[in-house]
Amino acid sequence: MAVTLALIMIGVLAAQPALAQGRNNEIYTQDGVAVDETAANANAAREKALDVGQSRALDLLLRGMTDPRDHDRLPRPGNEQLLRLVRSIDVANEAVAPQRYRATLTVRFDAEGVRGLLRNAGIAFAAADKGLSLVVPVLRYDGGSFWDDGWWRGAWETAVGRGGLIPMLVPLGDLADRQALPADGAALSDPAAQDALAARYDAEAVWIAEGRVVGGQLEGRLTGTDGTVLTATAPLAGDGGEGAAAETVVAQLLDQARSGWRATNLVDYSRRDSLDAVVRFGNLSVWAEIRRRLSALAMIEAVDERLLSNRGAEVSIRYYGDRDGLQAALTRQSLALIPLGTDWELVDRIRNPAGASGVPVGSVAPGTAAPASVAPAGQPAAPTGRGLPVGAETGQTPPVGQAAPVGSVPPRATGAGG
């Protein structure tokens, strides 16, 4: 057993740099940055415009991530530091005159560099989780609605394609998508149908983006999986009125969605903490899937495995912010922390939905016998959500409060934080 555990631990340690590298490759994107500068000649005007545009893009990005009350003390890095933060620049609508340069820029920044800038300034900010959200563009008319393939869909594809703090994607809209989530009727708001579509793209959430032309204006309505409803309108005017109105409405809806997301995800990243937790699972594949969900949370810095077997693990979770914020973030990944003696148990709510109802684990410790009233291991789990498979093929996680097989997780010998 000791040799097996040692081999597993070596594999775990070897895999951690890949997770860190993935985080280092994250980018933040700020689009729609207009520049218009003059100088002695066109080249000088262009250089000046790019410098101004990068600085303006960073300021817009930081304002979008932070509380407006902190905007007067946002960091303003010098040129050299700013250049280190910029990954790439896209230029559109370029116009050049002998002494003038105009363009619209999309600037991509190194995400960890930006987060470090705010952490060093002691400013709380919201950072994007890696979980993907789908946006389903639907046009509604009297008597029905349908998946759109025209101007409404195009406006959404363009907007979410620019990137942003919330990872979003417009699904293909092919036959399989439309069968998974029919646009007409009650299925559009059916959680099971939305889960089926989300599962095709490994997405965490679905937003329904409804457009409706009423009289001389376009009405937009964006409904989230959590019941959030956002609305916006724009007048139809001139040639291509529907397309132009769609761009305006989509921009307003995304701005509202980002503002709401920022308000609920603001974290003091200058504050760090850690806690120790026990995790029970059916097999190592399940644990790998739980780790993937943990790594999707921006406020979790690292998950260090202290002990690991094929049925359980003892881990130290290092995170930013406070414990309430960590619980809220874990909820978004269908995970929860439940007190277990002086430490915690990390519960997979998908495979152990009873954990969501607060079933006490009491003083049950890893390696102790299961209470007689607890269902035996191997009994089918309750129905799952969010499209993740449950069944014998994936391995059943022992119910909360029921111990993993004796000896599968040795008693914890060391620990930090709490």
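This is a predicted model: local features need pLDDT of at least 70, side-chain atom pairs count only at pLDDT 80 or more; totals for chains, interfaces and linings use all residues.
**Entry 1: ring pairs.** I began with the aromatic rings. A pair of rings is described by the distance of the centres and the angle of the planes, so I looked up both values. My count came to four aromatic pairs. I opened Trp-152 and Trp-156, which make an edge-to-face pair, with 5.9 Å from centre to centre and 90° between the planes.

**Entry 2: where that pair sits.** I found both Trp-152 and Trp-156 in helix α5, which covers residues 151-161. They are four residues apart there, about one turn of the helix. A handy reminder to myself: an α-helix has 3.6 residues a turn, so residues three or four places apart point the same way. I then checked accessibility, and Trp-152 and Trp-156 are both buried.

**Entry 3: a stacked pair.** Next I turned to Phe-281 and Trp-287, whose rings are stacked at 5.4 Å centre to centre, with 15° between the planes. Are these two buried or exposed? Phe-281 has 0% relative accessibility, so I put it down as buried. Trp-287 comes out at 3%, so it counts as buried too.

**Entry 4: the cluster.** Back at the tryptophans, I noted that ring pairs join Trp-151, Trp-152 and Trp-156 into a cluster.

**Entry 5: the buried face of α5.** Which residues of α5 are buried? I listed Trp-152, Arg-153, Ala-155, Trp-156, Ala-159 and Val-160. Looking down the axis of α5, I saw its buried residues fall within an arc of 160°, so they line one face of the helix. That list includes both partners of my edge-to-face pair, Trp-152 and Trp-156.

How values were computed
Residues are numbered from 1 along each chain as its sequence is written. Side-chain values use heavy atoms; hydrogens and water are left out. Rings of Phe, Tyr and Trp (its six-membered ring) pair if their centres lie within 6.5 Å; planes under 30 degrees apart count as stacked, over 60 as edge-to-face and the rest as tilted. Helices (H or I, at least four residues) and strands (E, at least two) are DSSP runs, numbered from the N terminus. Buried means under 20% relative accessible area, exposed over 50%, partly exposed in between (1.4 Å probe, protein chains only). The arc is that of the directions from the helix axis to the C-beta atoms.
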